[in-house]
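Here is a short report on one protein model and its ligand. Please keep the sequence and the 3D view open while reading.

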Amino acid sequence: MKKYQVAKRPGAGLANSGIWLALAACCVFLSSCGEKPAEPAKPAAEGAAPIAKKKIVVGFSQIGAESGWRAANTESIQSEAKKRGIELKFSDAQQKQENQINALRSFIAQGVDVIAFSPVIVSGWEPVLQDIKKAGIPVVLTDRAVDAKDDSLYATFIGSDFIEEGHRAGEWLAKATGGKAMIAELVGTPGSAPAIDRKKGFEDVLAKNPGMKIIKSQSGDFTRTKGKEVMEAFLKSPEAKQITALYAHNDDMALGAIQAIEEAGLKPGKDILIVSIDGVKGAFQAMADGKLNCTVECNPLIGPQLFDAVEALMAKKTLPKHTGVLESVYEQSQAKDALPTRKY
Ligand code: GYE
């Protein structure tokens, strides 16, 4: 495993240290002038130099704002940076890889300390990752993985196991239906890690349950609008009457599909059983209303883990290549109790 060198910005350390020392001195002075009596100062350890801390600058390229999950993820990252006094250069790619690559290149030009991003699709990242490596900037991947063979192109990946989420969704449906279901599938963004892996994990379960079949499958791009559109098309297709269950790769598409099912005069959650992934509040509400049957949790609140990694990299520590996120599976019976404390 190769260790990254954190880029040194020429001159920046020296030029800033004087200012920081002056600021630190001011802070000590101001706090000693406060109304409350100051705590007795601890004698400085012999030979200890005053610590002048440089502000960490992180460039983060977010995929977009396609779902409730994404909104919660963005909030978690922005608020955690603020809390830790880390300067965050945040860029929204509106679900386009091209925009993400441009943002990453601009982070190199700005000489940020660490680059983090959530790659919209798995492929096509090697050239820009090579350039980041050449610039000596460590990379943290969050949420979605890349398919680059050379894992020295990034320091660590923090994110969920999407194959396991697919297994959990499939296993819940197998249990709920006694292994018999004609399934419509709403796939996530084509070529994205969660779409590929959630499909694979689910199909692993189908392979063991010959009575469960996917009879319709199409991408709804992880959005509510497209989820609704695609479900409308499914319900107008010749196979419409056979559909007994819906597997949506995220809650937003399931919520869109619920509307389409209702508009077609059917009962979501009863005529068509629905299982989706994420565990956003809207899904818990839909479960409490009896319209969604199960959601497999995918935790978006990874800001603290991201900045733990950033701080470790700044301290020149080597990180594990992958860190997972703790998650659960929820059914209708748990929805009402869980709703008030649900954080996203
Ligand atoms: O499930 C979906 C979002 O990458 C895990 O992206 C994330 C997925 C999430 O749009 O709602």
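This is a predicted model: local features need pLDDT of at least 70, side-chain atom pairs count only at pLDDT 80 or more; totals for chains, interfaces and linings use all residues.

Is M287 buried or exposed? M287 is buried, with a relative accessible area of 1%. Buried means under 20% relative accessible area, exposed over 50%, and partly exposed in between, with a 1.4 Å probe and protein chains only. M287 sits in helix α9.

Residues are numbered from 1 along each chain as its sequence is written, and side-chain values use heavy atoms, with hydrogens and water left out.

## The ligand site

The ligand is surrounded by 13 residues. The closest are E66, D143, R144, R198 and D278.

On its own, the ligand has 300 Å² of accessible area, and the protein covers 100% of it. Accessible areas come from the Shrake-Rupley method with a 1.4 Å probe; for residues, only the protein chains shown count as cover.

What classes of residue make up the shell around the ligand? It has six charged, five nonpolar and two polar residues. Here Asp, Glu, Lys and Arg count as charged; Ala, Val, Leu, Ile, Met, Phe, Trp, Tyr, Cys and Pro count as nonpolar; the others, Gly among them, count as polar.

α2 (68-84) and α6 (193-207) each supply at least two of its residues. Helices (H or I, at least four residues) and strands (E, at least two) are DSSP runs, numbered from the N terminus. Domain 1 (57-160 + 301-326) and domain 2 (162-298) each give the shell at least three residues. The domain bounds come from an automatic or database domain assignment.

Helix α2 also holds R70. R70 is buried, at 2% relative accessible area. In sequence, R70 and L301 are 231 residues apart; in space, their C-alpha atoms are 9.7 Å apart.

## Aromatic pairs

How many aromatic pairs does the structure hold? There are four. Rings of Phe, Tyr and Trp (its six-membered ring) pair if their centres lie within 6.5 Å; planes under 30 degrees apart count as stacked, over 60 as edge-to-face and the rest as tilted.

One of the pairs is F202 with Y247. It is stacked, at 3.8 Å centre to centre and 10 degrees between the planes. F202 lies in helix α6 and Y247 in strand β8 (residues 245-248), so the pair ties together parts that are 45 residues apart in sequence. F202 is buried at 0% relative accessible area. Y247 is buried too, at 0%.

Another pair is F284 with Y330, which is edge-to-face: 5.0 Å centre to centre, 65 degrees between the planes. F284 belongs to helix α9 (residues 281-288) and Y330 to strand β12 (residues 329-331), so this pair links distant parts of the chain, 46 residues apart. F284 is buried, with 0% relative accessible area. Y330 is buried at 17%.

## Loop residues

N293 is in the loop between α9 and β10 (294-297). It counts as buried, at 8% relative accessibility. Its side chain reaches the backbone nitrogen of I274 at 2.7 Å. A polar atom of that side chain also lies 3.0 Å from the backbone oxygen of G269.

Most residues other than glycine have a negative phi. Q95 has a positive phi of about 60 degrees. Q95 is in the loop between β2 (87-92) and α3 (97-110), and is partly exposed at 25% relative accessible area. D221 also has a positive phi, near 55 degrees. Its loop runs between β7 (212-219) and α7 (224-236). D221 counts as buried, at 17% relative accessibility.

How values were computed:
A residue is near a molecule or strand if one of its heavy atoms lies within 4 Å of it. A polar contact is a pair of N or O atoms within 3.5 Å; within protein, one must be able to donate a hydrogen and the other to accept it, and residues adjacent in sequence count only if both atoms are side-chain atoms.
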